[in-house]
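Please study the sequence and the structure shown here before reading on. The paragraphs below are meant to be read with both in view.

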Amino acid sequence: MIITDTHTHLYSEAFDGDRKEAIQKAIDLGIERFFIPAIDSTYTGSMLALEKEFPGHMFLMTGLHPTHVKENFEEELAHVEEMLDKHTYYAIGEIGIDLYWEKKYLKEQQIAFRKQIQIAKKHKLPIVIHCRDAFDEVFEILEEEKGDDLRGIFHCFTGTKEQAEKAISYNMKLGIGGVVTFKNGKIDTFLNEIDLQHIVLETDSPYLAPTPYRGKRNESAYIVNVLEKLADIHSVPNEQIALETTKNSKEVFGI
């Protein structure tokens with residue numbers, strides 16, 4: 001049973017004390033594929049080091065996270081394009097719009113999101129979307145950019161059934177993580193109506209740990225709790241969830 005974590009920040013400082021042990025713990029549980037989203041250029045070196053230390057397990061993305069879009073975002077986007085010329089990446093992400101913390105850079109976030117979608121299309125890569133308090137703003141840009149060359153994952157999906165269906169209509173898989181195990185998460189109330197072909201598993205570690213670890217550091221190993229919850233929701237064996245979500249991840253990332 002091969003499990004794929006489509007979104008984990010294993011290079012985060014939160015793992016500096018036990019990174020190797022945390023990754024090996026996950027691998028021992030059958031989590032063999034880890035897709036690593038970018039935040040900004042300051043993390044490029046640690047991401048490349050992570051890939052080098054665990055060859056065949058780590059698959060990197062490049063991109064500018066919306067909460068890190070500031071006055072210098074054009075420089076950051078230039079770094080993204082530079083890295084695409086130097087190294088193999090499997091997605092542009094995580095990118096999108098985040099209005100939870102502040103709205104000061106909304107215009108810049110919109111420009112950066114649109115430009116990174118266009119970079120992804122140019123390089124024939126999927127996108128991985130970060131959306132927080134910004135469904136309308138994200139969907140507006142996806143509507144403008146929709147087409148056969150647009151595909152990817154709506155990371156950490158926390159919306160309604162209608163928003164899920166809309167995301168799927170733009171060739172997005174739904175990234176399902178710890179929120180599905182929360183009592184107030186709500187997405188567990190309709191996910192049984194979403195075909196498994198539209199779903200991938202993720203942790204977003206070290207963030208959003210699932211129940212019973214909520215409030216603690218999240219780890220890729222805890223994706224098993226997400227998998228079990230999804231199996232319960234869909235009334236299928238754990239192995240089927242692992243098989244189908246890994247297949248879906250291969251469809252998105254091409255590996």
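The text turns to a helix, then to the nonpolar cores, and then to a pocket.

This is a predicted model, in which local features need pLDDT of at least 70 and side-chain atom pairs count only at pLDDT 80 or more, while totals for chains, interfaces and linings use all residues. Residues are numbered from 1 along each chain as its sequence is written, and side-chain values use heavy atoms, with hydrogens and water left out.

Helix α6 spans residues 161-169, and its buried residues are Ala164, Ala167 and Ile168. Buried means under 20% relative accessible area, with a 1.4 Å probe and protein chains only; helices are DSSP runs of H or I of at least four residues, strands runs of E of at least two, numbered from the N terminus. Seen down the axis of α6, the buried residues fall within an arc of 100 degrees (taken from the directions from the helix axis to the C-beta atoms), so they line one face of the helix. An α-helix has 3.6 residues a turn, so residues three or four places apart point the same way.

In the largest nonpolar core, 72 residues take part, and Ile127, Leu142, Phe154 and Leu191 touch the most other members. Such a core is a set of buried Ala, Val, Leu, Ile, Met, Phe, Trp, Tyr and Cys residues joined through side-chain atoms within 4.5 Å. Helix α7 (residues 223-234) gives the most to this core, 6 residues. Apart from this core lies another, of 10 residues, including Phe35 and Met61.

Lastly, the lining of the largest pocket receives its largest share, 3 residues, from β5.

Key: Buried < 20%, exposed > 50% of the residue type's maximum accessible area, 1.4 Å probe, protein only.
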